[in-house]
Amino acid sequence: MQQDLEKNANYPQNITRQKALEILKTQLSPIIEKTIPVIDCCGSVAAQTICSEISMPEHDRSAMDGFALTASETSSASVDSPIVFTVSGEIRPSSSGSEKTRPNGAIKILTGGIIPQGCDSVIPFEQVTVSSNKISIFSPVQEGNFIRPAGSDVLPGETLIAENTYISACAAALLAYAGKNHIRVRQAPSIAVLAVGNELCDPTKTGPEGLIPADNLILMKALCESCGTAEVSISTCENSPEAIAEAIKKHSACDLIITTGGTGPGNRDFVFDSICNAGGTPLFKGLSIHPAKSIFAFKLQDTAILGLPGPPNAVQLAFHTVIKPTLNILLGLPDIISSTFAILGASVKGAEEREKLILCYIIEENGSIKATPLNNRNLSSRKLMCLANGIITIAPNSGKLNAGELVKIIKTG
């Protein structure tokens, strides 16, 4: 019966990962925007391009504690014949900038103070001799010495942050420095993760004897939240049509629901059919990859649903190759997945008619990236997961690849 249903299905099946991502990018839209204080924007994705309306600093300012003066008046200064300046007044960073200097005069200035009219350089305290209200200078001062010119940090019209890019801590500080108090950002996606299986129990509690802690929930929660999502809701779910349908309904207000387990060919794998019966529209079922070939996707009104297999190593691989790109789509990021090339550290074998995903350890030395596959049979898959900081992706029918060849990788650490 199931084979007849799949034969007559009008959704793509056993497609490439690239095709699946194209479908997701077509079917899903960036989530809504919101305006937040700039103090809270670090880690968010900008929903607008913001340009500076002013120069920063807005005036020439001192880069040192010292004395502001006119450089040309020090041209003849020497150890044997120092130039003596009369000091009048003091400029602090909070001063208005209305001070003026006199010929052969200097003004004491602190770091950040506005350069007074008539001055074009600053000489640090430690380079002069001070006597009462006089300073002696023993060598010529260069024009512009220790001055931060107006606009040297930011010019009017300069882009502070581009739309659809992550706001770093430095970018957030720059926005505040340029006088931006609030910014529109993509709202952090709301995520629910369901671990499907009668053998599973809540990993945060001591479960009945014989049940397995659903560690996939901890894995997926941490991975999602590291990518800028809202706090992820996690729960186990009995592998029955009724329980799955109820769990999907409960979390239907989320932007994305992720299920793990219940995706294989077994008689009690009800997840796909339960989502269909709940009104979900299948986007695809099955990818031509190994492992994690049983991934599927739905759209249920405005909610995306992605089903993953149960083995934790497959879940980790699926996150970086399918789930994270989906989060990037929801966040409006232009590059939904980033890959590069590396030198293969040991031989590997590809898969026939399927893309093969292999956990690897990446090191960078002497300008080159080296990726060593992690396939030590003496270590469990969970231990290999802890060692990995990348994934080698091998195109279908690539046969054996030898050490030293170039391979495509996805960095995960």
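Residues are numbered from 1 along each chain as its sequence is written, and side-chain values use heavy atoms, with hydrogens and water left out. In this predicted model local features need pLDDT of at least 70 and side-chain atom pairs count only at pLDDT 80 or more, while totals for chains, interfaces and linings use all residues.

Q: Why do the buried residues of α3 line one face of the helix?
A: Helix α3 spans residues 169-177; helices are DSSP runs of H or I, at least four residues, and strands runs of E, at least two, numbered from the N terminus. Its buried residues (under 20% relative accessible area, 1.4 Å probe, protein chains only) are A171, A172 and L175. Seen down the axis, they line one face because the directions to their C-beta atoms fall within an arc of 100°.

Q: Which strands do the buried residues of α3 pack against?
A: Contact means heavy atoms within 4.5 Å. The buried residues of α3 pack against β3 (50-51), β12 (159-161) and β13 (182-186).

Q: Which strands stand at the edges of the open sheet of seven strands?
A: Strands pair if DSSP finds at least two bridges between them. The order is β1-β19-β21-β22-β18-β14-β17, with mixed pairing. Each edge strand has a single partner, so one side of each is left without a neighbour in the sheet: these are β1 (13-15) and β17 (233-237).

Q: Which residue in β22 does F296 stand opposite?
A: Strands β21 (residues 296-300) and β22 (residues 303-308) pair in the antiparallel sense over five bridges. Opposite F296 stands G307.

How values were computed:
Buried < 20%, exposed > 50% of the residue type's maximum accessible area, 1.4 Å probe, protein only.
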